[in-house]
Amino acid sequence: MVELVTVPPVAQELADLFGAAGHRLYLVGGTVRDALLGRPETDLDFTTDARPDAVLALVDGWASAVWDTGIAFGTVGLRRRGVTMEITTFRSDAYDRVSRNPVVAYGDTIEEDLERRDFSVNAMAVELTGGRRAFVDPFGGLAALASGVLDTPATPEESFADDPLRMLRAARFVAQLGFTPAPRVVAAMTAMAAELGRITAERVQVELSKLIMGAHPRRGLELLVDTGLAEVVLPEVPAMRLAIDEHMQHKDVYTHSLVVLEQAIARETEGPDLVLRLAALLHDIGKPDTRRREPDGRVSFHHHEAVGAKLVRKRLRALRYPKVIVDEVSQLVFLHLRFHGYGGGEWTDSAVRRYVTDAGPLLDRLHKLVRSDCTTRNKRRAAALQRTYDDLESRITTLRAQEELDAIRPDLDGNAIMELLGIGPGPLVGRAYKHLLALRMERGPLSREDAEAELRRWAAANGAG
């Protein structure tokens, strides 16, 4: 089996260093899994019987860079010829199962080290020392990989009690690699979902982002919802199962949102887009809070885009997402219904300008989100919606060509306003600027003469002249 794993030359060089010093070195974990799957190599992970101090001594002078930020957990990081590597001493940790902090204990055998790992597909190793390349697979990782099954080396209850984040990692591997979790894994995730609550938001966010950026995010999200983990991580998503959508065409808003996510992914042009995917998944999370049954029997969700934008901001902040992601996702959610006011294409040029200006650099993503939000089974209606949006995009293109739509500014800047009105910096300048910007949005570009005349009229009416 070992011939299936291509060993990079730099890894064998490192192994020769360890072997000459009487130590054993193994490629391990995700490095072996990805090599067997034919996925491109990035970083290399190793495990060894050498203790951290010995590892540091061995790589000193060989590596171009060494860091010991993980040395308390037995891990030494290094880089050589552009390849990043981590070497961790055999571990046989115990966990306090309250904070998840391990009591670091070094092990003596590779089998002991592999047993503590999260999943059997990550519990395979290839020995590079001793003049041979021995494949080590005591927990059936290769068979699990071949069958696409996600299982744990120890019982899943033991594994998840040690680190509840592994339950979220299970869903992440389902999304990334298309694995199917073993029934006992699903049962343990369901029974222990609440344990995820003791994991820091930062660690949860990293795994959730990897899940959403995976090749099959819908499968991972459905596993989170079905096991109850989503109630801990992203409760607004399972809450959407309670709201029937206004078209009465879908089982629920939750299912609709998963379809929108898949359709948005199909429209990605430059690889996975976390902002677009989050916006697609969360665009309707305001519906449960705004659901009303109208006198005619229909269901309405008035202003769910505004409520949803606030919920998105609150949730993503709680998950410690960077401010730029919070702002962009919430703005897309806030704007996703704006197009539906376009009706049969009767928007004024002013309304088109506002659509573009409010979207700003998010316009391309907004286009993709709005088009993806059409999930009706009525082919005629779906085609009509796409034609209407084609018309809006055509209007935007035409206006862009006419007036540099992406950089709309008032026809007079702050300095010109102060000079014309004979005033200094202050709130009055800002009010005048906003007035001119509103005129610019409403009427398009004005000549210098017209802009000055409008400013004088505004100043006279507001006691500023």
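**The cavity and its surroundings**

Modeller: A search of the whole structure turns up one cavity of 30 Å³ or more. Keep in mind that this is a predicted model. The largest cavity holds about 30 Å³ of space. Which residues line the largest cavity? They are L221, L224, V225, A230, L234 and V237. Sort that lining by type and you get six nonpolar residues, no polar and no charged. Helix α10, residues 217-227, gives the largest share of the lining, with three residues.

Now compare a helix contact elsewhere in the chain. Two packed helices are described by the angle between their axes and the distance between the axes. Helix α14 covers residues 274-282, and helix α19 covers residues 363-372. Their axes lie 10 Å apart, at an angle of about 35°. The crossing of α14 and α19 is right-handed. From α14, the contact uses V275, L276, A279 and A280. From α19, R365, K368 and L369 take part. This contact of α14 with α19 counts five nonpolar residues, no polar and two charged.

How far can you trust the picture? The chain averages a pLDDT of 87, and 91% of the residues score at least 70. Among the elements, helix α8 (residues 183-192) has the highest mean pLDDT, 98. Strand β6 (residues 94-95) has the lowest, 60. Where pLDDT is low, the predicted coordinates should not be read in detail.

Key: Residues numbered from 1 in each chain as written. Predicted model: local features only at pLDDT ≥ 70, side-chain atom pairs only at ≥ 80, totals over all residues. Heavy atoms only, no water. pLDDT = per-residue confidence, 0-100. Helix = DSSP H or I, 4+ residues; strand = E, 2+ residues; numbered from the N terminus. Axes fitted to C-alpha atoms, helices over the stretch in contact; angles between N-to-C directions. Left-handed = near helix turned anticlockwise from the far one by under 90°. Contact = heavy atoms within 4.5 Å. Nonpolar A, V, L, I, M, F, W, Y, C, P; charged D, E, K, R; others polar. 1 Å grid on protein atoms, 1.4 Å probe; cavity = no way out; pocket = protein on both sides within 12 Å on 5 of 7 lines; lining within 4 Å. Points joined across faces, edges and corners; volume = space filled by probe spheres on them.
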